[in-house]
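I opened the model and kept notes as I went.

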Amino acid sequence: MPEGPSIVILREEAAGFVGQRIRRAEGNAKIDMARLPGKCIESLRSFGKQTLIELPDVAIRIHLLMFGSYRINERKDAAPRLSLGFDKGELNFYSCSVRLLDGELDELYDWRGDVMSDAWDPALARRKLRAMPDTLVCDALLDQTVFAGVGNIIKNEVLYRIRVHPLSTVGALPPRKLGELVKQARAYSFEFLAWKKAYVLRKHWLVHNQGRCPRHDIPLKRAYLGKTNRRTFFCELCQKLYVD
């Protein structure tokens with residue numbers, strides 16, 4: 001599943017379509033395609049793992065889910081979920097969720113919850129975490145109402161970076177560790193963005209999809225953990241388990 005930094009890259013790569021008028025809208029998404037042709041794209045925004053194409057009276061919400069993808073000015077050998085054609089180029093989305101949103105985006109979204117947003121509010125994130133003391137940290141980091149944009153790679157790397165076991169509970173974390181969790185969720189997301197743009201992201205993975213702990217040179221544990229049941233990589237020696 002593409003994480004927040006990858007959606008920022010999508011937004012930046014498609015920025016040339018802002019100001020262009022949609023001439024054609026087609027695909028197998030179950031939306032009212034007739035609402036789109038003739039409208040100009042006012043802005044391209046992102047919230048967490050969602051791409052938001054803002055039009056004068058409606059917004060198109062794209063979520064790439066687990067295996068979604070996009071192509072700019074080219075097509076895959078597959079039926080697009082949504083294909084938007086312009087005088088100059090086209091934007092195609094595949095294997096994704098497509099919805100139309102009515103209403104102002106600033107009323108629909110609280111940008112303070114997006115780890116990639118300039119409006120990100122770490123104090124708000126800490127308050128949300130303190131209200132969920134029994135939640136496992138591996139689930140809390142993937143909670144899009146707290147950390148919009150954080151995905152499984154960021155989860156694994158952040159927990160290793162701050163030396164916290166994924167089965168720790170939020171309420172058992174010392175205040176300093178809670179603060180580190182919030183700080184590193186955002187910091188690592190921007191490092192992820194820089195590394196992905198430079199095509200070196202995988203070279204910087206410490207534990208995600210790795211075999212041995214880089215600190216102690218012992219085998220990492222691999223398991224599907226938490227209510228989210230996502231693949232987790234961790235070191236039992238240097239990642240401390242915090243439980244009440």
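Ground rules. I am working on a predicted model, where local features need pLDDT of at least 70, side-chain atom pairs count only at pLDDT 80 or more, and totals for chains, interfaces and linings use all residues. I number residues from 1 along each chain as its sequence is written, and side-chain values use heavy atoms, with hydrogens and water left out.

Sheet. I took helices (H or I, at least four residues) and strands (E, at least two) as DSSP runs, numbered from the N terminus. I found four strands in an open antiparallel sheet, ordered 1-6-7-5. Strand 1 (24-26) and strand 5 (69-72) are the edges; each has a single partner strand, so one side of each lacks a neighbour in the sheet. Pairing here requires at least two DSSP bridges between two strands. I then looked at strand 6 (residues 82-85) and strand 7 (residues 90-94), which pair antiparallel over four bridges. Leu82 has Phe93 in strand 7 as its bridge partner.

Serine. I located Ser6 in helix 1 (residues 4-13). Ser6 counts as buried because its relative accessibility is 14%; the cut-off is under 20% relative accessible area (1.4 Å probe, protein chains only). Leaving aside neighbours within four places in sequence, I see Ser6 in contact with Phe192 and Lys196. Contact means heavy atoms within 4.5 Å.

Annotated span. I checked UniProt, where an unreviewed entry places "domain: Formamidopyrimidine-DNA glycosylase catalytic" at residues 2-101. Such annotations may be inferred rather than shown by experiment. For residues 2-101 I noted 10% helix and 36% strand, with the end C-alpha atoms 21 Å apart.

Note on methods: Buried means under 20% relative accessible area, exposed over 50%, partly exposed in between (1.4 Å probe, protein chains only).
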